[in-house]
Amino acid sequence: DLNGQLHGQHLAKEVVIRAVQGFLQSPRPEKPLVLSFHGWSGTGKNFVARMVAGHLYRDGLKSECVRVFISLFHFPHHKYVDSYKAQLKKQISETMQLCKQSLFIFDEAEKLHFGLLNAIKPFMTHYDNNGEVDYRRSIFLFLSNLGGNTINEVALDFWRAGRAREEISMEFLEQRLRLELQEPAESGYARSHLLKENLIDFFVPFLPLEYHHVKLCARDAFLARGLRYTEAALDEVARMMVFVPKEEKLFSAQGCKSVSQRINYFL
């Protein structure tokens, strides 16, 4: 499914499949699997999180073993951070008691207060066997726009050098990504213990999408609705998107977001 439906993301595809398969096949993992997805909006972070949920649980995101937290929706006010911490720890603990294998998705993770990230740190560390609940089988996914500019710069440099985006390696990009995340900006990441204690197993980069990727997203959106399409229609949808930077007009500013809404324009 990732091969057929996730476009322009050779790194994310490879890392997610290897990490999740390796984790599921391990008889006794030492700690939960923690993945942090990074990249511009519309590049596939939510899409992959939904796909992981859909393949691990019959009810996908609706499963009682899956919890989705959206920063500004669930934890909007910093003055209530202590109350949020208690709620969050309780919800994670209850889900882990209920399910042998839980999945926790944190959307807009860069907007999470560092106090919340530190509060859930104990659930992600190496297992000490003292607690009543075995949380080693859990998976944590953090979805963030942080690092998007670094990822895009690398993709643009490769393009300008006449090199294929598929030549971008995980080692090269992950290193640059880590550096950006450690900058003490406004994000909770830099101030939390997650980075300092190396609790995130993989920083997964999502590359910016080019014109032909947007066309593939448009094709998928037509097919998902059982509609016929023409190359001209796909081109028209892709041309409706805004492309940056100004000179090259190479990357879709909103990735594949709003592609399906734009198809309504043709109906």
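A residue is called buried when its relative accessible area is under 20%, exposed when that area is over 50%, and partly exposed in between, as computed with a 1.4 Å probe on protein chains only. The structure is a predicted model, in which local features need a pLDDT of at least 70 and side-chain atom pairs count only at pLDDT 80 or more, whereas totals for chains, interfaces and linings use all residues. Residues are numbered from 1 along each chain as its sequence is written, and side-chain values use heavy atoms, with hydrogens and water left out.

The protein is divided into domain 1 (10-206) and domain 2 (211-265), with bounds that come from an automatic or database domain assignment. The C-alpha centres of the two domains lie 28 Å apart. Nine residues of domain 1 are in contact with 13 residues of domain 2, contact meaning heavy atoms within 4.5 Å. The size of an interface is often given as the accessible area lost when the parts come together. Here domain 1 and domain 2 bury about 860 Å² between them, of which 65% is on carbon and sulfur atoms; this buried area is the accessible area (1.4 Å probe) that the two parts lose on being put together, summed over both.

A search of the whole structure finds eleven salt bridges, each defined as a side-chain nitrogen of Lys or Arg within 4 Å of a carboxyl oxygen of Asp or Glu. The count between domain 1 and domain 2 is one salt bridge. Arg 160 forms a salt bridge with Glu 248, their closest N and O atoms being 2.8 Å apart. This pair links distant parts of the chain, since Arg 160 is in helix 7 (residues 148-160) and Glu 248 is in the loop between strand 6 (243-244) and strand 7 (251-252), 88 residues apart. Helices (H or I, at least four residues) and strands (E, at least two) are DSSP runs, numbered from the N terminus. Arg 160 is partly exposed, with a relative accessible area of 48%, and Glu 248 is also partly exposed, with a value of 23%.

Within domain 2, the side chains of Asp 235 and Lys 215 meet in a salt bridge with an N to O distance of 3.4 Å. This pair, too, links distant parts of the chain, with Asp 235 in helix 12 (residues 231-239) and Lys 215 in helix 11 (residues 211-224), 20 residues apart. Lys 215 counts as buried, because its relative accessibility is 17%. Another salt bridge joins Asp 220 and Arg 219 (2.9 Å, N to O).

The buried residues of helix 8 are Met 170, Leu 173, Glu 174, Leu 177 and Leu 181. Seen down the helix axis, these buried residues fall within an arc of 95°, so they line one face of the helix, the arc being that of the directions from the axis to the C-beta atoms. On the other side of helix 8, Glu 171, Gln 175 and Leu 179 are exposed.

As for the backbone, a cis peptide bond with omega of about -10° joins Val 244 and Pro 245, and Pro 245 is found in the loop between strand 6 and strand 7.
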